[in-house]
Amino acid sequence: MPDIPAGAQVFDLVFHPTHSTVYAGLLTGHIRAFAYDEQGQHKRTFSVRPSKRSCRALTIDADGSHLYAVGKSKALNIIDTVTENVEIRAGAHDSPINRVKYLTPWLLSTGDDDGVIKLWDPRQRECARKYTQHFDYITDFLWLEDKKQLVATSGDGTLSVMDIRSKKAEPFAQSEDQEDELLSIGAIKGASKVVVGTQIGILSIFNRSAGWGDCVDRIPGHPHSIDALCNVPADLPGVDASSTILTGSSDGMVRAVKILPTQLVGVVADHGDWPVERIAIGGGTNQLTLDGRGGAGKSGSTSGKKVDEAEVDHPPGRWWVGSVGHEEVIRLTDLEAFFHEAARDGSDGAGGLALDEDQREVEDTDEEDGDNDTDSDLHLEEKLAARKIVEPEEDSDDEDEAPKARKRKRKPEQTSLTVKKKGKNSVEVEPTFFDGL
């Protein structure tokens with residue numbers, strides 16, 4: 001599918017839960033919606049601008065009726081996706097807000113640059129609860145439905161767990177300092193384990209049954225920071241969704257990775273020299289026709305278009321991966337077609353790099369026992385400097401001001417971990433790619 005031009009640098013994106021619509025938060029403060037169909041056609045359906053400050057994060061409720069946007073303006077913006085009305089709650093935080101997460105119909109969370117986390121009831125003007133256990137910016141949220149717990153990762157190198165049923169303004173648990181920025185988080189194995197992406201390119205595995213104090217495994221392989229993690233849909237055909245995740249790295253690649261046992265399935269999307277900072281998956285089935293009238297199921301026409309051989313073998317599916325970086329476009333990739341091609345072209349039924357038998361046995365043992373034996377050999381030798389986000393000055397309202405790049409200090413690249421791009425979905429990896437697992 002061709003890229004969708006957004007008109008400015010995209011900071012975050014989110015898909016409508018039932019319609020084929022993707023929303024983008026931009027550097028200029030605009031929040032734009034784009035409808036798309038399975039033939040690659042797309043059109044902008046609305047654009048609102050609650051603030052001239054950048055929109056850093058978006059989330060949407062379960063039925064798609066309301067969109068929540070936060071950013072440098074320090075306000076919580078509630079947007080009606082049908083009427084396009086905007087409710088602005090100014091001064092929601094004292095610092096720019098970096099992340100927002102929809103939890104339940106009566107609760108959402110926000111996290112700012114100073115590490116402050118707030119819980120909100122959309123029906124009330126004031127926040128329901130405030131947490132201050134972190135001292136650096138909040139990078140990501142994970143909602144654990146079974147225990148009604150919210151997990152937050154931070155640039156201070158720790159993650160914290162908050163029980164929303166408790167009235168205490170203190171976390172239920174907080175990890176030890178992981179000596180690295182924690183940038184992203186996701187759940188695997190039926191949410192029994194949590195995977196965290198780090199600044200140095202390590203995937204840290206936390207076992208909930210072993211507590212939140214420290215990770216139980218560290219999986220190397222990414223040559224740069226892992227800024228985004230995303231679970232694949234549970235009903236994706238032919239894929240073990242409980243152990244497969246998508247990773248977005250600052251080397252510009254979106255990868256599909258299986259964990260426990262560990263296996264690189266392939267490269268889903270390639271942004272070239274641009275870092276990948278957000279990933280989302282859309283599965284809406286109600287699509288717009290080219291003239292803009294609503295409709296369900298297939299739409300558009302393929303007349304006059306060259307049909308790719310892979311599309312004939314595997315027609316466009318329901319699930320689309322949206323990824324964004326420092327570009328001014330939203331890149332959409334057919335997720336079903338990727339796994340279909342990986343299974344057809346690769347080995348071991350997944351088209352990736354399989355571990356040898358000894359490594360598989362080690363992974364299986366770790367999964368069953370929840371041991372922390374591998375952790376001692378893989379501790380980082382030094383703490384990395386904190387990453388700072390540099391954006392236009394507070395008193396600047398110029399929407400055309402070019403964004404400044406994120407400045408990061410990292411160790412020299414390990415050549416043995418470098419992934420070389422080759423073809424559409426295949427990669428060449430040095431023999432030592434999975435050493436030390």
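Trainee: Which backbone oxygen does the side chain of Arg 99 reach at 3.3 Å?

Mentor: The side chain of Arg 99 reaches the backbone oxygen of Thr 139. A polar contact is a pair of N or O atoms within 3.5 Å; within protein, one must be able to donate a hydrogen and the other to accept it, and residues adjacent in sequence count only if both atoms are side-chain atoms. Another such contact, of 3.5 Å, joins the side chains of Arg 99 and Asp 140. This is a predicted model, in which local features need pLDDT of at least 70 and side-chain atom pairs pLDDT 80 or more, while totals for chains, interfaces and linings use all residues. Residues are numbered from 1 along each chain as its sequence is written, and side-chain values use heavy atoms, without hydrogens or water.

Trainee: Is Arg 99 buried or exposed?

Mentor: Buried means under 20% relative accessible area, exposed over 50%, and partly exposed in between (1.4 Å probe, protein chains only). Arg 99 has 10% relative accessibility and therefore counts as buried. Contact means heavy atoms within 4.5 Å; leaving out residues up to four places away in sequence, Arg 99 touches residues including Asp 12, Ala 57, Val 70, Phe 141 and Arg 278. Of the 437 residues of the protein, 57% count as buried.

Trainee: In which strand is Arg 99 found?

Mentor: Helices (H or I, at least four residues) and strands (E, at least two) are DSSP runs, numbered from the N terminus. Arg 99 is found in strand 10, residues 97-104. The protein has 3 helices and 32 strands.

Trainee: Which strands each supply at least two residues of the lining of the largest pocket?

Mentor: Rolling a probe the size of a water molecule over the atoms shows where empty space is left. A pocket, on a 1 Å grid over the protein atoms alone with a 1.4 Å probe, is an open set of points with protein on both sides within 12 Å along at least five of seven lines; lining residues have an atom within 4 Å of a point. Those strands include strand 2 (10-15), strand 6 and strand 10. The lining has 41 residues, with Val 14, Lys 101, Cys 230, Ala 280 and Ile 281 nearest the centre.
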